[in-house]
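Welcome to the tour! Open your viewer, keep the selection tool handy, and follow along one stop after another.

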Amino acid sequence: MARVTPARRVTQLLLGLLAYALSMAMLLHAGQGGMPWDVLHQGVVRRTGLPFGVVVGALSVLALLAWIPLRQRLGVGTVANVVVITLTIDPAIALVERAVPDPGVAASVALALGGVVLNGVATAAYLGVRLGPGPRDGLMTGLVARTGWSVRLVRTLIEVVVVAVGWALGGTLGWATVAYALGVGPVVQLTARWFAPRGLVAAPRARASAADAAPPDAPVAAAAGPRPGEGGMPAPGR
């Protein structure tokens with residue numbers, strides 16, 4: 001397996017986060033229902049009147065607090081996620097609105113479905129550099145590591161809970177929200193093999209010796225999805 005350089009990891013991280021913000025904007029502008037976390041963001045915006053980016057940043061901090069019982073570790077990618085998404089989501093929304101100012105039915109469906117796929121790819125891309133998950137995906141990887149459940153199952157359960165709370169607060173719920181909640185997990189798991197040859201989470205300590213003894217070309221973590229392991233993401237060179 002070819003060595004992944006630090007420059008490649010940083011580039012993949014930043015492009016993944018920018019693509020994530022763009023996917024959020026696509027789903028929001030489609031008007032068919034936001035992604036589950038954005039249903040929650042919308043609900044908080046409607047209750048407080050705060051700007052969308054500010055709400056995203058504030059809820060990112062709250063999500064980090066939930067890492068404590070999961071023993072997740074803060075990484076460079078975690079900080080980058082909070083900063084990049086918070087600062088670029090409003091410009092991304094403006095960009096999509098300018099590109100497709102008044103989407104019809106076909107354009108709205110294309111934006112929504114494209115947003116779901118792009119979000120899954122972006123998630124796999126920035127998690128795959130193993131510089132630390134974002135605040136929300138840290139919940140996913142932490143639960144995967146602690147429970148041994150699949151990415152698909154854990155991601156879907158989280159999204160269902162989040163959209164229920166967001167809808168109760170007044171967020172917009174639509175068919176695209178359901179499509180995202182059910183479809184993004186499989187997209188992450190499928191595309192992880194492109195961006196995360198070592199998996200999305202670290203291998204368990206108990207099995208580390210077996211992994212070290214494996215041939216160099218043997219997979220340490222299943223390409224189809226993460227395996228149970230330590231709560232934190234390994235830092236560069238670890």
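Select S60, which counts as buried because its relative accessibility is 2%, under the cut-off of 20%. Keep in mind as you look around that this is a predicted model. S60 is part of helix 3. Now show what surrounds this residue: apart from its neighbours within four places in sequence, S60 is in contact with V82, P135 and R136.

**Second stop: helix 3 and helix 5.** Colour residues 52-65, which form helix 3, and residues 76-99, which form helix 5. For helix 3 and helix 5, the angle is about 160° and the axes are 8 Å apart. How do the two helices run relative to each other? Helix 3 and helix 5 are roughly antiparallel, because angles over 145 degrees count that way. Their crossing is right-handed. To see the contact itself, select F52, G53, V56, G57, S60 and L64 on helix 3, then T78, V82, I85, T86, I89, D90 and I93 on helix 5. Sorted by type, the residues in this contact are 7 nonpolar, 5 polar and 1 charged.

How many aromatic pairs does the structure hold? There is 1. Select Y20 and Y126: their ring centres are 6.0 Å apart and their planes meet at 75°, so this is an edge-to-face pair. Y20 sits in helix 1 (residues 6-30) and Y126 in helix 6 (residues 105-128), so the pair ties together parts that are 106 residues apart in sequence. Are these two tyrosines buried or exposed? Both Y20 and Y126 are buried.

T123, Y126 and L127 of helix 6 meet D137, M140 and T141 of helix 7. This contact is made up of 3 nonpolar, 2 polar and 1 charged residues. The axes of helix 6 and helix 7 come within 12 Å and cross at roughly 75°, so the two helices are roughly perpendicular to each other.

**Last stop: the loop.** Select R130, found in the loop between helix 6 and helix 7 (135-147). R130 has a positive phi of about 55°, although it is not a glycine. With a relative accessibility of 6%, R130 counts as buried.

Definitions and conventions: Residues are numbered from 1 along each chain as its sequence is written. This is a predicted model: local features need pLDDT of at least 70, side-chain atom pairs count only at pLDDT 80 or more; totals for chains, interfaces and linings use all residues. Side-chain values use heavy atoms; hydrogens and water are left out. Axes are lines fitted to C-alpha atoms, for helices over the stretch in contact, and angles run from 0 to 180 degrees between N-to-C directions. Helices (H or I, at least four residues) and strands (E, at least two) are DSSP runs, numbered from the N terminus. Angles under 35 degrees count as roughly parallel, over 145 as roughly antiparallel, 65 to 115 as roughly perpendicular and the rest as oblique. A crossing is left-handed if the near helix is turned anticlockwise from the far one by less than a right angle, and right-handed if clockwise. Contact means heavy atoms within 4.5 Å. Ala, Val, Leu, Ile, Met, Phe, Trp, Tyr, Cys and Pro count as nonpolar, Asp, Glu, Lys and Arg as charged, and the others, Gly among them, as polar. Buried means under 20% relative accessible area, exposed over 50%, partly exposed in between (1.4 Å probe, protein chains only). Rings of Phe, Tyr and Trp (its six-membered ring) pair if their centres lie within 6.5 Å; planes under 30 degrees apart count as stacked, over 60 as edge-to-face and the rest as tilted.
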